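Please look at the sequence and the structure first.

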Amino acid sequence: MSDSFPLLHLAVALDGAGRHPAAWRAPRARPLELLTARYWSDLVAEAERGLLDFVTIEDSLGLQSASPVEQDRRTDHVRGRLDALLIAARVAPLTRHIGLVPTVVVTHTEPFHIAKAIATLDYVSTGRAGVRVRVSTRPDETAHFGRRPPALVRLDEVSTSAAQRPLVDLFDEAADYVEVIRRLWDSWEDDAEIRDVATGRFVDRAKLHYIDFEGRWFSVKGPSITPRPPQGQPLVSALAHQSVPYRLVGRSADIGYVTPHDTTQAEAVVDEIRAEQVAAGRGAESVLVFADLDVFLDDTAAAAAARKARLDDLAGAEYGSDARVFTGTPAELADLLQEWQSAGLAGFRLRPGTVPHDLEQITRGLVPELQRRGAFRTEYRAETLRGRLGLPRPANRYAVA
Amino acid sequence: MSRPPKQIHLAAHFPGVNNTTVWSDPEAGSHIEFSSFAHFARTAERGKFDFLFLAEGLRLREQNGQIYDLDVVGRPDTFTVLAALAAVTERLGLTGTINSTFNEPYEVARQFASLDHLSDGRAGWNVVTSWDAFTGENFRRGGFLAQEHRYRRASNFLRATWELFDSWHGDEIVADAAAGVFLGDPEAGSFEHHDEDFDIAGRFTVPRSPQGRPVILQAGDSEEGREFAASSADAIFSRHSTLTAGQAFYADVKGRLARYGRTHDELLILPAATFVLGDTDAQAQELAHEVRLAQVSGQTAIKFLEQLWNRDLSGYDPDGPLPEIDPVAGENAVSRGRASVRYHKDPLAIAREWRDLAAAKNLSIRELIIEVTGRQSFVGSPATVARQINDLVQADAADGFILVPHVTPGGLDRFVDAVVPLLQERGVYRADYTGPTLRHHLGLAEPRRAGAAKEAGS
């Protein structure tokens, strides 16, 4: 049984001590524990206590930097992080319900490795895995791999069509990557393992499939070494800010995270993603659009504003974000979420300004408020992440009906 | 004056995808579900083992152009399982094979450093380098290595990851909230590495982990493999579990250490070993024979023969005599994705030996294959097996063993419950863990950080 629309879906984006650059200096921050299993299991357990749909875990293939193209060598922000996929795997046995969606950079990694890693995350979490695919445009990250010429993309200078070309290529490559991991997840039929003692056969090899992917950037033979995961297809998600990544969401993803600043923008973005979905021949599939919001929450709006102002003072600059920055009470945030939901959004990915404070404001303030309004679940019912989001377990593309 | 007895090291290999694993056993469970891995790991930890080991294969094996279906097929991702196992164990080392051909140093270093943090210092890496284009077809980088470049790449890969691990010294994160200083060094994590295989520079994302670097395991047996181990590994996963072969290998490899400025204790020799336990030695022998019959079915015997003969022998009767025809010389075209076929260096000579053996003992194909492959290392009552293991270790045929049970996931249970206490009683095996990290379990010192000596001397 699924618990889906019209209840809204809530995810939180976990990233170090929180989104604000001075979050690690907040009173309850644990800046010396950011690399420990205990820290991450505490945060995910808190999110699970709040009955949230899933957590995403931020990652990159380079050290954090405030500059979009190079290392900033700042010493006043959090630097250093663990592999997000392994954090997700580490907390999976300690949780039972919450979805686990690590970030994976597709530009420099192998789809074969990531397909089996996410499939395995789905096994260790018994059906709660997803992945957020991320394109890397950073020259400094490219230099960590040395396998391809430095990317020439400047995300801040992509208004001209000539400047768009490398970006289009990177996202087309990402779409191929997602196609490969999806085929690999289907490369074993669910009943391929037969253990037939009479014939001595462990598998029915007619139910294992070469994927034979040939694309512009790479080819992959298959099948996967890992059997089809519990959900069949773990969730694929992506963050998108403009038309090129909207297209990736429309043609490849189950969930798109977008960054509108009001209802009108939200409607426009949802329309654009729907059009891309239809253009990609996926009109009949569910693509859920989640709006991202950076949140600073307290019992009064004044307290939240004052707390954010103190953090801004510590950081020496006003906090800026790609997403709408919300400062206020959980009830005010609930108002905004319900208003935005009418634009066709399935849910929200909230980025806590600080952890654990703003995370607890979500789980202990916002969630009860939404429950009072009948807008959020009061218990976990569906067993898998797909089920919780109202997505069916998909048929295997290679299985003969 | 006699020296105190050596302390035995034990590790556990999760049952793999060759015919050692008896999937047809009524007790056999899943090879994929996490509950099997958790059971196996908890058993090993109950037995105070040094580590659990996961093998890896990056393409499903094929024979005669078809996916090989007689053995266990499929396995989960190594890193993901090890990270999850860190949640259900507290002391057990978590090690696995990660290929250096189809990965990049930056990514592998990130994963091992992360695993080491998430397990509080229990990560270990068996470095392998594969050379086959067959596996390469699953990877975007495709391609493969010339066989003679395997160890060069492995060595360069390992050196590059060491520079990445060492790019953080361990004291950079100060997190002084009042002063607003998170990082004590603005250049923390900076690295640069250039050689024939890798041309990389930048900053590493993972601050120094509890062990500094993961423990390095090595499994190669060739001249180059032994030299690589002597120069770079902390432990060898060897194939020589008998007294004579074990002693020769042990002396050979330990003898190479001085050349690299390393001492006798800095490299452990841990042969893979299978075992069958019974209430009595006689019962164990009977059980061992039953296990061998289950491991080598008629179909499996023919497949094994094809791997040496390098041709289709599906028309032969496994209960009949060996083929009259000779093996096909040259590159093995029958079996793909299987490292062991490379060990058949002179198929014609081996075929002659096998024919002679079959003639002398009047063996069918299946009986012959049972005779020449994979006999169990230790067979007997718990007391007998405990004595065999201890004798081999005290005689310097090994420093301990990596046990490979034949049933998933319960195949280690009886060993831990019946043999381990006997070893503990003899005073040759730890009663409990004495430290937190895998490096500590193995009695290894902290690794020297690359460049540290230079800095200290300047």
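Q: Leaving out residues up to four places away in sequence, which residues does A:D59 touch?
A: Contact here requires C-beta atoms, placed from the backbone, to lie within 7 Å. With residues up to four places away in sequence not counted, A:D59 touches A:R81, A:D83, A:A84, A:P102 and A:T103.

This is a predicted model, in which local features need pLDDT of at least 70 and side-chain atom pairs count only at pLDDT 80 or more, while totals for chains, interfaces and linings use all residues. Residues are numbered from 1 along each chain as its sequence is written, and chains are lettered from A and ligands numbered from 1 in the order in which they are written.

Q: Which residues does UniProt list for "binding site"?
A: The record is an unreviewed entry; its positions are given in the numbering used here, feature names are shortened, and annotations may be inferred rather than shown by experiment. The listed residues are spread over 45 residues of sequence but cluster in space, with a largest C-alpha distance of 5.4 Å. UniProt lists A:D59 and A:T103.

Q: Is A:D59 buried or exposed?
A: A residue is buried if 20 or more other C-beta atoms lie within 10 Å of its own, exposed if 12 or fewer, and partly exposed in between, with C-beta atoms placed from the backbone. A:D59 sits in the loop between β2 (54-57) and α2 (84-91) of chain A; helices (H or I, at least four residues) and strands (E, at least two) are DSSP runs, numbered from the N terminus. Because A:D59 has 23 other C-beta atoms within 10 Å, A:D59 is buried.

Q: In which strand is the place of A:T103?
A: A:T103 counts as buried, because it has 22 C-beta neighbours inside 10 Å. Leaving aside neighbours within four places in sequence, its contacts include A:T56, A:I57 and A:R132. The place of A:T103 is in chain A, in strand β3 (residues 99-105).

Q: How many strands form the closed barrel of chain B?
A: Strands pair if DSSP finds at least two bridges between them. In chain B, β1 (residues 9-13) and β2 (residues 51-54) pair in the parallel sense over 3 bridges. The closed barrel runs β1-β2-β5-β6-β11-β12-β13-β17 in chain B, with parallel pairing, and its number of strands is 8.

Q: Which element gives the largest share of the side of chain B that touches chain A?
A: The contact takes 64 residues from chain B and 63 residues from chain A. Elements giving two or more residues to the chain B side include α2, α3 (105-118) and α9 (298-309). The largest share, 8 residues, comes from α3(B).

Technical notes. Two residues are in contact if their C-beta atoms, placed from the backbone, lie within 7 Å.
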